[in-house]
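Have the sequence and the 3D view ready.

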Amino acid sequence: MNKLQAPAGTLLQERLKALTPARLKGMRRGVEKESLRVQPGGGLALTPHPAALGSALTHPSITTDFSESQIELVTGAHQSAQATLEELTQIHQFTYRVMEDLGDEMLWVSSMPCGLPTDETIPIARFGSSNVGRAKSVYRVGLSHRYGRRMQTISGIHYNWSLPKVSSEQYFALIRNFRRHAFLLLYLFGASPAVCSSFVAGRQHELQKLADQTMYMPHGTSLRMGRLGYQSDAQASLAVSYNSLEGYGASLQDALTRPYPAYEAVGIRNPGGDYNQLATTLLQIENEFYGTIRPKRVIFPGERPLHALRERGVEYIEVRLMDLDPFVPVGITAQTMRFLDVFLLHCLLTDSPPDTPEEIAALARNQHRTAARGREPGLLLERDGREVPLAEWGAGVIAECAPIAAVLDELHAGPTGGAQYSEALAAASTALREPDTLPSARVLAAMARDYDNSFIRFARAQSEKAKVILRSLPLAEAQHARFTELTRQSIAEQKQIEASDSMPFEVYRQQYVSASRLGIPGMPGMPGIPDEPDVAGRAALAI
C-alpha cells in the first residue's frame with residue numbers, strides 16, 4: 001500500500017472500530033425479486049396474476065411489477081443473508097405450488113425477457129377498482145406510453161439494506177460512493193450479456209447478432225443496466241445530485257413538477273376517456289426515476305415517498321442494479337448478499353466527497369461501458385479525470401473491504417468459527433482475475449456449448465431446472481398455511497379498501513400528484529388523501 005492510500009485505509013479501520021457489535025448485528029437486508037411468468041415454450045404467459053397468490057395490491061410478499069405477467073416476490077428485513085435466502089426460497093416454493101395447480105407456467109430466470117409478443121399485447125398489471133389500485137395501473141399505462149412495454153419487462157433484484165443509527169447525511173455519502181464503485185457489481189454479478197431479438201425489434205441498438213433470434217455483446221456483463229435497459233431521453237436530462245437530502249429532494253421535485261412537452265402531447269386521458277398517465281410532468285411519480293440505488297423510507301398510506309424522506313429522513317437504501325443469476329433457482333445466493341453487505345459498509349465507512357456534474361456524467365459513462373464491455377481485456381474507466389483499468393480499480397476496492405469482512409466473520413462466527421464474509425470477498429477477487437468465471441461469461445459459454453447460441457433455449461432450460469428444484473424442496477406445513485392465510489387476508493384487505501373508497505378517481509389523482517404533497521422543507525406535514533382506508537404500514541399501497 002502506498003503512502004497516499006495508507007491514510008484512507010487507516011481512516012476506514014478507525015471508523016470500523018467505532019461500529020459497535022450491537023450496531024453491526026443490527027444490520028438488516030431484504031430482497032425484492034422480479035420474474036416473468038412464461039409458457040413452457042419460452043413465450044410470455046398472458047394469463048392474469050393467479051388469484052390463489054392473493055391480491056397484488058395488498059399481499060406483503062407476492063405482488064406484480066409492471067406487467068400482470070411479472071411476479072414480484074418480497075422478503076422481510078432479516079438479520080442474516082441466510083435468513084433472507086430462506087424466506088425468499090419459501091416464497092418461491094409457495095408460488096410454484098400455486099402455479100403447478102394452475103398449469104405448466106414457470107418463472108423466467110433471466111433478467112432479460114423471454115420471447116415477447118407485440119408491445120401492445122404485453123398485459124399491464126391490474127390492482128382492482130380502488131383509487132390506489134387504479135392509480136397503480138394508470139402509472140404503468142403511463143410508463144408504456146413513455147418507454148414502451150418491452151423495456152418494462154426487464155427483471156432484476158433489489159437489495160434493501162440498513163444499519164442502525166445512520167443519518168440521512170451518512171446514507172447519502174454511502175450512495176455517492178456506491179455510484180462511484182457500482183461498476184464492480186455490474187462486472188461481478190451482471191448476468192445479461194444476451195437477449196432475444198424480439199426485445200430490440202424496431203429499436204436502434206449496438207448489439208451484435210449471435211444466432212437466429214439472439215443478440216449479444218461479446219464482452220457484455222449487464223445489458224439490463226446499459227443503453228438497452230432503463231434509459232430515456234427525458235431522464236437523460238436529469239443530473240440528480242446526491243450531496244444532500246435537500247439537494248436530492250429539490251432535483252426530484254423539479255422533475256415531478258416540470259411539464260415535459262412530449263408527455264403533454266400524450267395527455268392525461270385519451271379521447272375515449274381512458275387514462276394515459278398520472279401526470280404530464282417529466283416524472284409521473286418518484287419511482288419512475290431510474291437509478292442504480294435509491295434512498296428509501298417506509299411510507300404511510302397515500303403519502304408521497306419524497307414527503308416521507310423530507311419529513312423523517314432516509315431509513316434504508318435500495319440497491320437496484322443486481323441481475324437475476326440464471327444459474328441459481330431464486331436468482332441470488334447468500335454469498336452474493338454477504339458481498340453486498342461488505343461492499344455497502346465500505347461505501348459507508350470511506351470518505352465520500354461531494355459529487356459534481358462532471359463526475360455524474362463520468363459515472364454514467366462508466367456504467368454503460370461496464371454493462372456493454374465489462375469483460376473486455378484492459379477496459380478503462382474514468383476516475384478523477386483520468387482513465388484507469390477496471391480490474392485495477394476493482395482490486396483496490398476489494399482489498400479495502402478485507403478488514404470489514406474480517407470483523408463481520410468474527411461477529412457471526414459460530415462455535416466452529418467461520419469466514420463466510422471473507423470467502424465472499426475471496427470469490428469476488430478470483431472472479432476479477434478470471435473473467436471467464438463471471439456469470440455473464442458463463443451464460444455465453446453455456447449458450448454456445450449446449451444451446452446453439454440460443455438465448456431463449458438457454459434461459460428456458462435454466463427456468464425448467466429451477467422449477468424442478470423448487471417444486472421438489474419440502475415446504476413445512478406451517479409455512480404453507482401461513483402463505484395461504486396471507487392470500488386470504490390480502491384479498492379481504494383489497495375488498496375493504498375498495499368498499500371504503502368514496503372519492504372520484506380524478507379528484508384522487510389530482511390530489512396525489514399535487515406539488516403540495518411533496519413535502520416542501522419547513523412546511524408542516526401534509527395529511528393523507530381524505531377518505532383513504534387506514535391500512536397502517538402497508539408499503540404495498542405505494543403507487
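Q: Where is the place of His 49?

A: This is a predicted model, and in it His 49 sits in the loop between S1 and strand S2 (62-64).

Q: Why is His 49 called buried?

A: Its relative accessible area is 10%, and buried means under 20%, so His 49 counts as buried. His 49 also touches Arg 37, Gly 54, Ala 56, Ile 62, Thr 63, Thr 64, Glu 68 and Ile 71, with residues up to four places away in sequence not counted.

Q: In which loop is Ser 110 found, and what makes Ser 110 count as buried?

A: Ser 110 belongs to the loop between strand S4 (106-107) and helix H4 (131-147). Its relative accessibility is 5%, and the cut-off for buried is under 20%, so Ser 110 counts as buried. Leaving aside neighbours within four places in sequence, Ser 110 is in contact with Leu 324, Phe 455 and Ala 459.

Q: What lies 3.3 Å from a polar atom of the side chain of Ser 110?

A: That is the backbone nitrogen of Met 112. A polar contact asks for N or O atoms within 3.5 Å, and this pair lies 3.3 Å apart.

Q: Why is Thr 336 called buried?

A: Thr 336 has a relative accessible area of 12%; the limit is under 20%, so the word buried applies to Thr 336. Thr 336 lies in helix H11 (residues 334-349). Leaving aside its neighbours within four places in sequence, Thr 336 is in contact with Phe 189 and Met 322. From Thr 336 to Arg 457 there are 121 residues in sequence and 26 Å in space, C-alpha to C-alpha.

Q: How do you know that strand S5 (residues 157-162) is largely enclosed by the rest of the structure?

A: Six of the six residues of S5 are buried, so the strand is largely enclosed. Ile 157, Tyr 159 and Trp 161 point one way from S5, while His 158, Asn 160 and Ser 162 point the other way, and all are buried. In general, side chains in a regular strand alternate between the two faces of the sheet.

Q: Which strands are joined to S5 by bridges?

A: Strand S1 (residues 28-38) is joined to S5 by six bridges and runs antiparallel to it; here Val 31 stands opposite Tyr 159 in S5. Strand S10 (residues 316-322) is joined to S5 by four bridges, again antiparallel, and Asn 160 stands opposite Glu 318 in S10. Two strands pair if there are at least two bridges between them.

Q: What makes strand S6 (194-196) and strand S7 (208-211) edge strands?

A: They belong to an open sheet of three strands in the order S6-S8-S7, with antiparallel pairing. S6 and S7 each pair on one side only. The twist averages 40 degrees from one strand to the next.

Q: How many bridges pair S7 with strand S8 (residues 214-216)?

A: Three bridges, in the antiparallel sense. Gln 208 stands opposite Tyr 216 in S8.

How values were computed. Residues numbered from 1 in each chain as written. Predicted model: local features only at pLDDT ≥ 70, side-chain atom pairs only at ≥ 80, totals over all residues. Heavy atoms only, no water. Helix = DSSP H or I, 4+ residues; strand = E, 2+ residues; numbered from the N terminus. Axes fitted to C-alpha atoms, helices over the stretch in contact; angles between N-to-C directions. Buried < 20%, exposed > 50% of the residue type's maximum accessible area, 1.4 Å probe, protein only. Contact = heavy atoms within 4.5 Å. Polar contact = N/O pair within 3.5 Å; in protein donor to acceptor, adjacent residues only side chain to side chain.
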